[in-house]
Amino acid sequence: MPIPGTPSRAQLVDHLVRTRIAGDVATPRENNLSHYRKLANGDRHYWFGLELGDRWSDEQDVLAVMAERVGVNDDPEYRYGQDTIDPELTVDALERLARRLRKAADGRQRVLFATGHPGGLLDVHRATAAALRAAGCEIVVIPDGLQTDEGYVMQFADVAVLEHGATLWHTHSGEPMRAILTGLERAGRALPDLVVADHGWAGYAAQHGLDSVGYADCNDPALFLAESEGTLQVAVPLDDHVISPRYYDPMTAYLLSAAELD
């Protein structure tokens, strides 16, 4: 581990389960339900930069979408213990994401990458950015001097991140993406044709009307709700911070191969 080369679909499914990127994941059921409830109760921390209004005020509706698109247990009476991500749904979403990446490559589009989970997903985004650049895409360089109340918005290895106290910061907020888009507009620069991100970075971009795709965990329902409404183009279900970031390498290889970017 990781699997050398590009795995087949069956090999990737097995790998996702063995590494707990999908299958029986580390996130407990009670944490999932707590987050679904907080989103339904209007806690914007869980809205990920989206404007959900009162459309998802019933946590059972949120659970139904998460069961359909992520593969969590659909029984509302199941409240404690292990929860799941269906690895087949993960791979299905990767294949949808691959089609959007191929469209970006064919059109030599401007693409912005960002992550609120640098400890897990930074290199997934970096490798995808490198592949799209090699295919002729412009990888958007963010303006200098951007910041939010949480910290500074920086870019490392082509991926926008939040930096706080000389540390790359985990954030659900959409404010860093707001800072980037506002900065681009202020500088008279074109907005991205595509945003590849996660957390509030993906949600805010989608809410702003940009083509946006993203990765999300089973305790982060907002992006899946946005996908179900058509605001976000693709949400890939996975555990977004497993024991080693190298565990994502076979997934990235599969994604880039499916997009004909390898």
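In the predicted model, the axes of helices H5 and H9 come within 10 Å and cross at roughly 25°. Since angles under 35 degrees count as roughly parallel, H5 and H9 are therefore roughly parallel to each other. The crossing in which H5 passes H9 is right-handed. On the H5 side the contact involves Asp123, Val124, Ala127, Thr128 and Ala131, which meet Asp249, Met251, Thr252, Leu255 and Leu256 of H9. By residue class, this contact of H5 with H9 comprises six nonpolar, two polar and two charged residues.

Thr128, one of the H5 residues in this contact, belongs to the helix spanning residues 118–134. With a relative accessible area of 2%, Thr128 is buried. Apart from neighbours within four places in sequence, Thr128 is in contact with Thr252, Leu255 and Leu256, and also with Leu101 and Phe113. Leu101 is in turn among the H4 residues that meet H9.

Helix H4 also packs against H9, at an angle of about 45° and with the two axes 8 Å apart. This angle makes H4 oblique to H9. The crossing of H4 and H9 is right-handed. Val91, Leu94, Glu95, Leu97, Ala98 and Leu101 are the H4 residues that meet H9, where the partners are Met251, Tyr254, Leu255 and Ala258. The contact of H4 with H9 divides into nine nonpolar residues, no polar residue and one charged residue.

Ala258 is located in helix H9 and is partly exposed, with a relative accessible area of 39%. The C-alpha atoms of Ala258 and Leu94 are 8.4 Å apart, although 164 residues separate the two in sequence. A further H4 residue, Arg96, lies 9.3 Å from Ala258, C-alpha to C-alpha, at a sequence separation of 162 residues.

Arg96 is placed in H4, which covers residues 87–106, and counts as partly exposed at 29% relative accessibility. When residues up to four places away in sequence are not counted, Arg96 touches Glu227, Val234 and Ala235. With Glu227, the side chain of Arg96 makes a polar contact of 2.9 Å, side chain to side chain.

Helix H1 provides another packing partner for H9. H1 comprises residues 9–19 and H9 residues 249–258; the two pack at an angle of about 150°, and their axes are 10 Å apart. H1 is thus roughly antiparallel to H9, as angles over 145 degrees are assigned to that class. H1 passes H9 in a left-handed crossing. Arg9, Leu12 and His15 of H1 and Pro250, Met251 and Tyr254 of H9 make the contact. Of these residues, four are nonpolar, one is polar and one is charged.

At 2% relative accessibility, Thr171 counts as buried. The side chains of Thr171 and Glu150 are joined by a polar contact of 2.8 Å. Beyond neighbours within four places in sequence, the residues in contact with Thr171 are Gly116, Glu150, Leu162, His199 and Trp201.

Of these contact partners, His199 lies in helix H7, which runs over residues 199–207. His199 is buried, with a relative accessible area of 1%. The backbone of His199 has a positive phi of about 50°, although the residue is not a glycine. Most residues other than glycine have a negative phi.

A positive phi is also found at Asp158, where the value is near 75°. Asp158 lies in the loop between strand S6 (152–156) and strand S7 (159–164). At 23% relative accessibility, Asp158 counts as partly exposed, whereas His199 is buried.

Technical notes:
Residues are numbered from 1 along each chain as its sequence is written. This is a predicted model: local features need pLDDT of at least 70, side-chain atom pairs count only at pLDDT 80 or more; totals for chains, interfaces and linings use all residues. Side-chain values use heavy atoms; hydrogens and water are left out. Axes are lines fitted to C-alpha atoms, for helices over the stretch in contact, and angles run from 0 to 180 degrees between N-to-C directions. Helices (H or I, at least four residues) and strands (E, at least two) are DSSP runs, numbered from the N terminus. Angles under 35 degrees count as roughly parallel, over 145 as roughly antiparallel, 65 to 115 as roughly perpendicular and the rest as oblique. A crossing is left-handed if the near helix is turned anticlockwise from the far one by less than a right angle, and right-handed if clockwise. Contact means heavy atoms within 4.5 Å. Ala, Val, Leu, Ile, Met, Phe, Trp, Tyr, Cys and Pro count as nonpolar, Asp, Glu, Lys and Arg as charged, and the others, Gly among them, as polar. Buried means under 20% relative accessible area, exposed over 50%, partly exposed in between (1.4 Å probe, protein chains only). A polar contact is a pair of N or O atoms within 3.5 Å; within protein, one must be able to donate a hydrogen and the other to accept it, and residues adjacent in sequence count only if both atoms are side-chain atoms.
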